[in-house]
Amino acid sequence: MKKVHVISHSHWDREWYMPFQKHRVKLVDFMDSLIDTLESNVNFKYFHLDGQTIALDDYLEIKPYMFNRIEKLVKEDRLHIGPWYVLQDEYLISAEANVRNMLLGIRFARRFGNPVKIGYFPDSFGNISQAPQILRGFGIDNAVFGRGITPIAFDNQKVEEAGEHEYYSEVIWESPDGSKVLGILMANWYSNGNEIPENNEEAIEFIKDRVEKADKYATTSKILLMNGCDHQPVQTNVGDIIQNIEGKTDYEVVHSNLVQYIDEVKEEVKDLKKVTGELNGQFTDGWWTLANTASARLYLKQMNNKCQNLLERYVEPLSVLASLEGGKYEREFINQSWKYLLQNHPHDSICGCSIDEVHEEMITRFKASAQISEEMIDRNKDYMLNLINSTTTGRKNIVVFNTLGWDRSEVVEVEIDMPKDEHIESFKVLDMSGVEVPVSVEVIGETFKYTLPNNRFRQPEYVNRFKVKFLAENIKSLGMKSYEIIPCEFNVDETNSKDLTFENKFIKLSFNDNGTFDLIHKDSGKEYKSLNSFEDCGDIGDEYIFRAPKKDIVINTLSNKAEITVIKDNKLEKVFKVVNKLTVPTHTIKKESKRVEQLTDIELVSEVKVSYTSPRVDVKVNINNVARDHKITALFPTNIEAKTHFAEGHFDVIERDTTPWEGWQNPSNAQKQTNFVDVTNNNIGLMIANKGLPEYEVLRDGNNTIAITILRAVGELGDWGVFPTPEAQCLGENIAEYSIIPHNGDYTGESAYKEAYNFNIPMVAFQGDKKEDKSLLSIEGDNVILSAIKKAEDRDSIIIRVFNIANKKENISIKFNKELKEANLVDLNEDKINSLDINNN
């Protein structure tokens, strides 16, 4: 006899087609009803609270006195909570953010009892390749998900044949590292048992119909019926219905929970089919992967990228460094900054696929996270540079900090404040051995500033401010290095250049009249031509899905005459300004699937920066968007013959087929990335790094052109109903930043991936007192990335997380430049696995 597990739940999108506070009013009513039902109805045995603890956080802000009642239900194993804090979009947040989401969720759940160990991804817009490894790192051996494999429609009808790529409801899901979990695909969605009729005959027929549909994809006799849907009110009588039909069906029907269901499935499954890596709908028709949420409201992705980098790459490393010198590790503030940030990571939030009010509120949370992070950076800087209760003004040293896990040499920028009465014109910068380094000084002039001492009233002052750039060489991993500033007479270091070429030991660049440039990688001799053109096309889709009009008009800057000038040329770098325009239709007529004939000009102003010590070409584009319903991409023809390409994911780099499988029908094959995408034939390659631009496509144009989406403008939410989103048209100023990195070999060749990280995470420099040149640690081993350095959540230990970015095993050692008392291998929950040997620290 088949056993039917009816799981009561409600998928609670925190904000979506209504803003958070309006949804929360509904949430409070829902939670009141749920708690009363669990307490009063013995037949209503369990409830699965959507795998995210933020629902409790939001509820208890309104009704904190309900804590004890919730705690009792959790400890009685009636209310199942956790393990996530929010149900995130896995792709559009960083690897670390995915980890911190569960770290916070587990600790929040523990206030009430034990979180359930269910890897719950009911509505993720694709599932990242390393999710099984992350789950295993938290002691979770299963994943329950609704998207990614076997194309099934909501009515449980197969959308198309996928052949060898079809799967049953139960699979073994394996990460690239070899971690495996039992995967449970909700093949007939998380609403297949929703609203069971109260009438016995109707309920029996309902159960029979749903079991037959689910059984088509089940490998065991255990059938999963999910009794709920989006913001679904509690079906308070579902337990009574199940009791009333007991013995009247051909099945054993129980009011159950996911833990019981999975335990029983484990006892019965055998010889399951294995699926490896990411589950992003790559073997469907391509229309419903929701991949284009990666380009909806790109300003959100850029703010998220900034906030993640602030926390992961500056706040936490600098906080650890300061704490080792006796400073306070501000764990509470750091966690609060993370909390604000994670509240922007639900899939309907960070994906940019909600109404305008939702995303307006997200900006406030991003700013709150950034404000805390910036203050934490300042506090750590003040402590380490002897600036507490004092001012930087007049200090004669600059200290450069490298917060990444490898040694670096690059141009850094710092603001220098000097007393007004000293009439200083410029500076020389010397390393501590007295050697002068290349420098560029820009006079900002008289500036107001203030300090807020702990021991007296605020101290306002006027200073002469300078922006100083200089070459900082050989800054050790997680290290710092001091430089001396010497006042001198003003010296013009800029040349009045009109030369539209550039050359250093790595690359040779020359501009074309249309604003593109040709780039020669000197070591290999490979020339990349016509890089950085811009293309515009129509978009009659919505925040979820890009859809070109049938009567599209595609415009490219290749036939333009651009205005190209040199705006900076000194010993450190050369900066070109390129002014281009796209003359595009003002909007589309969606019902007629066409762009209108009325035209307008979109100006694109690019700053193209090259350094004499770097192989990169950094680009910052300012887009004045005055049109609606369209998409702009930056194009980089590689002319490298390769059937696959590589994109950085989460604790890995994903190799993807450039040409999708034969069942793919969508003309677009847009994909998601984190820091970079790379086309390579293993001898040469071209990498494009980005700052918060997660959508790309490698075009099937015969040139393997990399297309980076730098703007997508749409006016409708999509999915269901009609929800206008005028702010998603992104009218006005938009900025996109990316970098072109030619290299030998694959993405690890010439450490190209390091340049992508260096681009995203520049070294920071501060004016202050001299510090001893030092480094906390060094990592020996190829292709190893320091992902996190932080204090442990529950003790004073330092957590160091590294991962291997290459597709081969690497042997590594970590050497500390401080005495180690103890070293342990820990899991992602920061629990000890075993002790590690210490040999000379």
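Asparagine 758 is buried, with a relative accessible area of 9%; here buried means under 20% relative accessible area, exposed means over 50%, and partly exposed covers what lies in between, computed with a 1.4 Å probe on protein chains only. The structure is a predicted model, in which local features need pLDDT of at least 70 and side-chain atom pairs count only at pLDDT 80 or more, while totals for chains, interfaces and linings use all residues. Residues are numbered from 1 along each chain as its sequence is written, and side-chain values use heavy atoms, with hydrogens and water left out.

Asparagine 758 belongs to helix α13, which spans residues 752–760. Helices (H or I, at least four residues) and strands (E, at least two) are DSSP runs, numbered from the N terminus. Eight of the nine residues of α13 are buried, so the helix is mostly covered. These buried residues are Ala752, Tyr753, Glu755, Ala756, Tyr757, Asn758, Phe759 and Asn760. Which residues does asparagine 758 contact, leaving aside its neighbours within four places in sequence? They are Leu404, Trp406, Arg408, Glu410 and Arg616, where contact means heavy atoms within 4.5 Å.

The wider layout of the chain comes next. The protein chain is divided into domain 1 (3–282), domain 2 (397–491), domain 3 (534–557 + 573–608 + 617–760) and domain 4 (782–840). Such bounds come from an automatic or database domain assignment. Between the C-alpha centres of domain 1 and domain 2 there is a distance of 54 Å.

Strand β1 has two partners, and two strands pair if DSSP finds at least two bridges between them. With strand β8 (residues 222–227), β1 pairs in the parallel sense over six bridges, and leucine 224 in β8 is the bridge partner of histidine 5. With strand β9 (residues 252–256), the parallel pairing of β1 runs over five bridges. There, valine 253 is the bridge partner of valine 4, and valine 254 stands opposite histidine 5.

Together the three strands form an open sheet in the order β8-β1-β9, with parallel pairing. Because β8 and β9 stand at the edges, each with a single partner strand, one side of each is left without a neighbour in the sheet. On average, neighbouring strands of this sheet are turned by 25° against each other, direction ignored. Two helices lie across β1, β8 and β9: helix α6 (residues 200–215) runs at about 120° to β8, and helix α8 (residues 258–268) runs at about 160° to β8. For these angles, axes are lines fitted to C-alpha atoms, for helices over the stretch in contact, and angles run from 0 to 180 degrees between N-to-C directions.

Another asparagine, at position 101, is found in helix α4 (residues 95–109). With 0% relative accessibility, asparagine 101 counts as buried. Not counting residues up to four places away in sequence, asparagine 101 touches Pro83, Trp84, Tyr85, Val86, Gln88 and Leu342.

In soluble globular proteins, nonpolar side chains tend to be buried together. A nonpolar core is a set of buried Ala, Val, Leu, Ile, Met, Phe, Trp, Tyr and Cys residues joined through side-chain atoms within 4.5 Å. The largest such core has 122 residues, of which Phe138, Phe145, Phe401 and Phe676 touch the most other members. Helix α9 (residues 298–323) supplies the largest share of this core, 10 residues. Apart from this core lies another, of 48 residues, which includes Leu509, Tyr528, Phe576 and Ile632.

Finally, how many disulfides does the structure hold? The number is zero, a disulfide being a pair of cysteine sulfur atoms within 2.5 Å. The sulfur of cysteine 537 is too far for a bond, because the closest cysteine sulfur, in cysteine 730, is 15 Å away. For cysteine 730, the closest cysteine sulfur is in cysteine 353, at 14 Å, which is also too far for a bond.
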